[in-house]
Amino acid sequence: MPAIAGPSSSPQKHVVGSRSESIGGVRSAEVNTSRKRKLRSDSAAEVSATVVLPVNSISTPMKWKSPRRCAVSIPKTSDEEIKEDSNEKLENPVISVCLEVKSKWNPKDDEQMKAVKEALHVSKAPSTVVCREDEQRRVFEFVKGCMEQKKAGSLYICGCPGTGKSLSMEKVRLQAEEWAKQAGLHCPETVSVNCTSLTKSTDIFSKILGNYESGKKANGSFSPLQQLQRLFSQKQQQSRSKMMLIIADEMDYLITRDRGVLHELFMLTTLPFSRCILIGVANAIDLADRFLPKLKSLNCKPLVVTFRAYSKDQILRILQERLVALPFVAFQSNALEICARKVSAASGDMRKALCVCRSALEILEIEVRGSIDQEPKGPVPECQVVKMDHMIAALSKTFKSPIVDTIQSLPQHQQIIVCSAAKAFRGSKKDRTIAELNKLYLEICKSSMITPAGITEFSNMCTVLNDQGILKLSHARDDKLKRVSLRVDEADITFALKEIRFFRNCLL
Amino acid sequence: MGKETPAEKSLNLIRGRLCDPSYVFRPLSASSDSNYSKLKFIVSTSITEGCNNSMLLLGPRGSGKAAVLDLVVGDLLEQFPDSVSVIRLNGLLHSDDNCAFKEIAKQLCMEHHLLFSKMASFDDNSQFIIAMLRACGLAHKTIIFVLDEFDMFAQGKQRLLYSLLDAMQSVTSQAVVVGISSRLDADQLLEKRVRSRFSHRKFLFLPPSREELDGLFVHLLSLPADSGFPSGYVSRFNDKIKNLTSDTRFKDILKTLFNANSTVNSFLKFIFCAVSLMNLESGLLSLENFKAALSSMQRQPKLEAVRDCSVLELYLLVCMRRLEVKEQSSYNFISVMKEYKAIHDSFHTSDYYAQNVCLRAFEHLRERQVICYAENRGQSQTGEYRLQKLLISASELHQGMRSHACCPAILLKLLDH
């Protein structure tokens, strides 16, 4: 198809082409073709859904531009390309989809908005886990090895929150089951425990036991741990030689003062006839070293797989992967890029990136539809994808702290108190009593001819500021003896109050 | 009793309005970029699209966070009668995880007319909750969790928050978690795991602008034209209100009020106080009502103590102040008496009393907590030799003396010199 093939050969122009710059030329072709395929396959469904088709097909010919003229900046190209795609194939029912791309953000189209939001929701696990192939492969090889040799083993997975650990574990589990079926082995039993749900840390043993000994009642005289130990120390019959895969999520909840539970759990894998493959997931990188020193001496330290925080390219790739399944272009590529850049610089947490994208979607939605009761303000713009300014607004909403806004909107006396606190705690002294702060407050009020508030009102205002998290008040019997310290950075206060000349002079 | 006079009726009507948060906050939330519309938009899209969301409402106490949330929830319950259920938790009551899970299970049982057993253990409760979330997700029913005093839930192991937010990460459940907190850094208090699962939507409730507050004032106090009031009375009342809002003295009163506390709740308290002081014979509000309301809201107990002092006690206070001004920061009764004698000698005042009378006046002042012992150590010494200090500031003393019924002019001069 010349129209689609054309754009792909000129990477600067097409939005999909621009993606190719970051991924690699080969990929763009794939993406193009997959998009094309989606267009074709979905066209039948979309045709029935498009009621708005006639209106748009009339409007487009006037805006048609030849492909040669499309060498303009990227923000425009997405729509232009889409328009020229549609116009090349006026007869093809694929058009309906392309035209739907333009009319996507109309209030009538709830379905498409819902589809995009769903594609970006944290709870929706993508079908393929990208950017974690390496780690997944390592874990899978380990599990495979254990299953082949019918030996027990332990593995520890660590990484920051939002780096895809639990997700990868699910995939590995499915992979292991599939492979077991193919290789003709018994499918491993899986016990997946989230350790936050345990009331006592020793409950994990009863959970493992419950799975293993399903059908048999727990023996009253022995604790679950002892039963498991007995089980694993005796030779099993051949028929019961099923491997057990134990996935313990948020394992640091099992850390007790004597580290007994954690030790015992890992030691289960060292017993002679043990059949369990233990995979522990937590955030701390050195959990194995710090809390399980004994294992090293026994030479059964668990294998450690680190899930590093996502880099900018990885985040961008994952976002694009999620969006590529949709038949339309919802985000400008530079909007996605700035999101990936900011989130990877901050924490590398994928959940945050998804959250920011959804927030940007909502900003666009409000702009186009107006919020739930009102009509949209101002004229509704033509090309409606999530652009840079939406993404920037979403990023600032997510990353900005509300402190500066709040300080700027405090009533005057409370601002004076905050200012006097900033002055008071400049030096080495980090906390003072309310009475001392009151003295400073009175000085500032006197210097500016403002009637100061009385001491009761003053301590009330200090309590209000304490509630908001700006000051910190300690408890004391007498109101005046309570100790005050500042919770907010002085730089934030200076920044917030810099507009007001009086405070600027004060804080000099 | 007889019929109510129009004044009484209007008083009841206005007081009823002031105590109804939805009446108060609806006009404040009318604009399209207010927190109300944004909140409603997000929660309703979560309900219709079946996706999970979490958000945090932040703002000082009394700025209407819970009221606006109640407005939104009320509207949504009307709009989607069968697909919304609300679970309310309070951080002050349910910060313990066991307690919180029990409460959630109990409320879920009550919503869905199931039997709740008090004997259920923590495990049972959490499994029940997970099962209910799944069932509601299948039935496309959204559960809205309202967590009041959110920062109290962030103490300890944060298990409740983790379980709730983790449940929202799975596809099977359909829930919205709304946290309300007055601490601006509430999300920094969360553990990193919990914070990662929390979608960082924050709604900041800032105090309303002056125009909004003026509009609110007129809205709350204008009587409706119909509804059984004599029409002449209604027009007189509303005119009086309009005149008040354009009066500069009234604007000054409002400015003094807002310089200390600019939240909506304190404004409502102020209006309530003023309205309750309404003169029932004329049936109209006047400026004096508002002045009296302001002074009752911004009470200064020490000032009132000074105002009630006798003249001799005032003399003693002035002497102490003069000693302080002379850089003599520690003084006892004897030095105060010296100063008193010095004043008497130089100005020949008529009020000169003997030492034991003065001592009694001193004791009175200490009982009223206008002065106190400077340290707690010298218990063995008699009251005359122990160091004293003033508990009121110079400006309070000044103000108190000026509003004193019969303060001699010479005292003010002595204080100022």
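## Contact between helices 8 and 9 of chain A

In this predicted model, helix 8 of chain A contributes A:Q136, A:V139, A:F140, A:V143, A:K144, A:M147 and A:E148 to a contact with helix 9 of chain A, where the partners are A:S168, A:M169, A:K171, A:V172, A:Q175, A:A176, A:W179 and A:A180.

Two packed helices are described by the angle between their axes and the distance between the axes. For helix 8 (residues 133–149) and helix 9 (residues 165–183) of chain A, the axes come within 10 Å and cross at roughly 40 degrees, which makes helix 8 of chain A oblique to helix 9 of chain A. The crossing of these two helices of chain A is right-handed.

## Domains of chain A

The assignment divides chain A into domain 1 (101–124 + 318–371 + 382–399), domain 2 (133–212 + 224–307) and domain 3 (403–507). Between domain 2 and domain 3 of chain A, the C-alpha centres lie 54 Å apart.

Helix 8 of chain B, which covers residues 159–167, is largely enclosed by the rest of the structure, because seven of its nine residues are buried. The buried residues of this helix of chain B are B:R159, B:L160, B:L161, B:Y162, B:L164, B:L165 and B:A167.

Notes
Residues are numbered from 1 along each chain as its sequence is written. Chains are lettered from A and ligands numbered from 1 in the order in which they are written. This is a predicted model: local features need pLDDT of at least 70, side-chain atom pairs count only at pLDDT 80 or more; totals for chains, interfaces and linings use all residues. Side-chain values use heavy atoms; hydrogens and water are left out. Axes are lines fitted to C-alpha atoms, for helices over the stretch in contact, and angles run from 0 to 180 degrees between N-to-C directions. Helices (H or I, at least four residues) and strands (E, at least two) are DSSP runs, numbered from the N terminus. Angles under 35 degrees count as roughly parallel, over 145 as roughly antiparallel, 65 to 115 as roughly perpendicular and the rest as oblique. A crossing is left-handed if the near helix is turned anticlockwise from the far one by less than a right angle, and right-handed if clockwise. Contact means heavy atoms within 4.5 Å. Domain bounds come from an automatic or database domain assignment. Buried means under 20% relative accessible area, exposed over 50%, partly exposed in between (1.4 Å probe, protein chains only).
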